[in-house]
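Hello,

Please find the structure below, followed by notes on what was found in it.

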Amino acid sequence: MTSFDRIVPVLDRLAIEVPSWAYGNSGTRFKVFATPGTPRTPQEKIADAAKVHELTGLAPTVALHIPWDKVDDYAALRSFAQDHGVDLGTINSNTFQDDVYKLGSLTHRDPAVRRRAIDHHLECIEIMGRTGSRDLKIWLADGTNYPGQGDIRARQDWLHESLTEIYAHLGDEQRMVLEYKFFEPAFYHTDVPDWGTSYAHVNALGDKAFVCLDTGHHAPGTNIEFIVAQLLRLGKLGSFDFNSRFYADDDLIVGAADPFQLFRILAEVARGGGLDEGSPVALMLDQCHNIEDKIPGQIRSVLNVQETVAKVLLLDREALTAAQDAGDVLAAHQVVMDAFWTDVRPLLAAYREAKGLPADPMTAYAASGYQQRIAAERVGGTQASWGA
Ligand code: PSV
Ligand code: MN
Ligand code: MN
C-alpha cells in the first residue's frame, strides 16, 4: 500500500460546503461587476453549486443566507437541491442589513431591537427544520465606532441573554456556530471580535454551541493554526469559513494568498482529529468572486482545499514526533516542509479519474459549455448580488 492509498479514506469523506452568496455578484464599495449568467434565484444558485459538486465530488452541501435566499417553500427547495445531487447546509442569519440594526442587533441597548433579532434567529431555526440543516451560523456586525458610544460590558450581557434564548430553541441534532471578526463594519470595538469571546459565549451555552473560525477575520500576523489547535483541544471548533486575504477580510479564493498558511491550519485540524470520522469540524467556503467567474472560482477553491488536505495527510507524523523528541529543530521543520512541497496534483488527478470524476475539473468545466448556457438562458430578472 502506498502512502497515498492510506489517505484515500479521508479524501473520500472530505466535504467542503459552498456558500450560496458566492454565486451572486459581489464587489467593493467602488463597483460591482456583473457577469452574464449570474443566478437570479436561490434555485439557480443551488444549480451552480451542484455543478461544482458534480465535477469535483467535494461540495455536497450549499449554505443559505436568510433573507437573501428566502423562499416560500423550503421543503421544495430542499427537494430541488437533492434532485440536483446536493443537500442544503448551514443556515446563516442576517442582522446586518436592516436600518433598525444600525447600533446593534443581539447586543442592542433597546430590548425591542434585541427581540426582533432573536426572532429572526428563531425563524432561521424553523427554516433549518424544513431544509434539514444541522447548523445555524451567527455572525454579528454588532459593535461601535467611537469610545463611549456603547456600554461594551453591558452589551456582552445582552449578547449572552439573546444567545441563550436562541440556543434553547435548537433541536437535539442542531448546532449553533458563533463566528468572530476583529473589525468591520464597526471600527472601534466589535462585540464578538476574537475566538476567546466566541468561546466564552458558546461555552456558557452548552454542548451544541461551537466557534466558527473564518480565516479572513484576524489581524495580520495572527497565528491561526494555534487558535485551531486550542479550540480543538477544548472541543469547541465547530466550523471553518475558508477564504484568503492579503489585507483585511478580502474573501479571496482559499489558498491563493498564502498556501502555506492553509497547510499549517489544516495540519492542526488533522492533528486535532478534525478530519476524523464524526468530527464536529465542518469545512465551508466564505468567499466572493468580484472579478473572476464564480463557478470556476468555487471549483478552484475546493480543489485548493483538497490538495492541501492531501499534503497534510502525507505529513510523516512518526518522523516529526521522533525529531521533536530528539529536540532536532531542523529535522522537524524539514518533515513539515517536505509534506508542504509534495506535488499531490498528479496523484489527485488519478484519484479523481478512478472515481469517475474529471481528472482536471477546471478544464472539464470550461469544456462543459455550462457557462455559455447559463449566460444565454439567464436573461431578464434581477441577478443575485452578495446582498440579495
Ligand atoms: C462576515 O464578514 C462574514 O464572513 C460572515 O460569515 C457572513 O455570514 C458572511 O461574511 C457573508 O455575509
Ligand atoms: Mn464568514
Ligand atoms: Mn467575512
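Two strands pair if DSSP finds at least two bridges between them. Helices (H or I, at least four residues) and strands (E, at least two) are DSSP runs, numbered from the N terminus.

This is a predicted model: local features need pLDDT of at least 70, side-chain atom pairs count only at pLDDT 80 or more, and totals for chains, interfaces and linings use all residues. Residues are numbered from 1 along each chain as its sequence is written, while chains are lettered from A and ligands numbered from 1 in the order in which they are written.

The barrel: eight strands close in the order β1-β2-β3-β4-β6-β8-β9-β10, with parallel pairing. Within it, β4 (residues 135–138) and β6 (residues 175–179) pair in the parallel sense over four bridges. D135 stands opposite R175 in β6.

The helices: the axes of α4 (residues 111–131) and α5 (residues 152–168) come within 9 Å and cross at roughly 30 degrees. Axes are lines fitted to C-alpha atoms, for helices over the stretch in contact, and angles run from 0 to 180 degrees between N-to-C directions. The crossing angle makes α4 roughly parallel to α5 (angles under 35 degrees count as roughly parallel, over 145 as roughly antiparallel, 65 to 115 as roughly perpendicular and the rest as oblique). R114, A117, I118, H121 and L122 in α4 meet W158, S162, E165 and I166 in α5; contact requires C-beta atoms, placed from the backbone, to lie within 7 Å.

The ligand: around ligand 1 are W21, N92, W139, E179, K181, D214, D241, D249 and D286, each with its C-beta atom, placed from the backbone, within 6 Å of the molecule.

Regards

Definitions and conventions:
Contact = placed C-beta atoms within 7 Å.
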